[in-house]
Amino acid sequence: MIDPASLIALGALFLAGLVADICARKTGFPRVTLLLVFGLVAGRAGFDLIPANLKG
């Protein structure tokens, strides 16, 4: 069973994707660029926010 911290992390990642989409529409940056930046920030290269049981 997935623990609550993992569900919160998944929800935060989905929310970050939504924020990236909104920012891309307002600024004109390509969405994929902002999604990659958010992924790098959330992943091991950045703040390592993704729980270990979700990393595979």
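Me: In which kind of crossing does α1 pass α2, left-handed or right-handed?
Reply: The crossing of α1 past α2 is right-handed, a label given when the near helix is turned clockwise from the far one by less than a right angle, anticlockwise being left-handed. The model is predicted, so local features need pLDDT of at least 70 and side-chain atom pairs count only at pLDDT 80 or more, while totals for chains, interfaces and linings use all residues. Residues are numbered from 1 along each chain as its sequence is written, and side-chain values use heavy atoms, with hydrogens and water left out.

Me: How many helices and strands does the protein have?
Reply: There are two helices and zero strands, where helices are DSSP runs of H or I with at least four residues, strands are runs of E with at least two, and numbering starts at the N terminus. Helix α1 covers residues 4-27, and α2 covers residues 31-42. The C-alpha trace spans about 40 × 20 × 15 Å along its principal axes.

Me: What describes two packed helices?
Reply: The angle between their axes and the distance between the axes. The axes of α1 and α2 come within 9 Å and cross at roughly 145°; they are lines fitted to C-alpha atoms over the stretch in contact, with angles from 0 to 180 degrees between N-to-C directions.

Me: Which residues in α1 and α2 meet?
Reply: From α1, they include Leu13, Ala16, Gly17 and Ala20; from α2, the residues are Arg31, Leu34, Leu35, Phe38 and Ala42. Contact here means heavy atoms within 4.5 Å. Ala12 of α1 and Ala42 are 30 residues apart along the chain, with C-alpha atoms separated by 9.7 Å.

Me: What makes Arg25 and Asp21 a salt bridge?
Reply: Their N to O distance is 3.2 Å, and it qualifies because the rule asks for a side-chain nitrogen of Lys or Arg within 4 Å of a carboxyl oxygen of Asp or Glu. Both residues lie in α1, four residues apart, about one turn of the helix.

Me: How many salt bridges does this rule give?
Reply: Two. In the other, the side chains of Arg31 and Asp21 meet at 3.1 Å, N to O. This pair links distant parts of the chain, Arg31 in α2 and Asp21 in α1, ten residues apart.

Me: Why is Arg25 called exposed?
Reply: Its relative accessible area is 59%, and exposed means over 50%, buried under 20%, partly exposed in between (1.4 Å probe, protein chains only). Arg31, at 45%, is therefore partly exposed, and Ala12, at 43%, is partly exposed as well. Ala52, at 67%, is exposed; Ala52 is in the segment after α2. Of the 56 residues, 18% count as buried.

Me: What makes the nonpolar surface patch?
Reply: Ile2, Leu7, Leu10, Leu13 and Phe14 make it, with about 480 Å². Patch residues have over 30% relative accessible area and no salt bridge; nonpolar side chains (Val, Leu, Ile, Met, Phe, Trp, Tyr) are joined within 5 Å, and like charges within 9 Å. The accessible surface of the protein is about 4,400 Å², 73% of it from carbon and sulfur atoms, by the Shrake-Rupley method with a 1.4 Å probe; for residues, only the protein chains shown count as cover.
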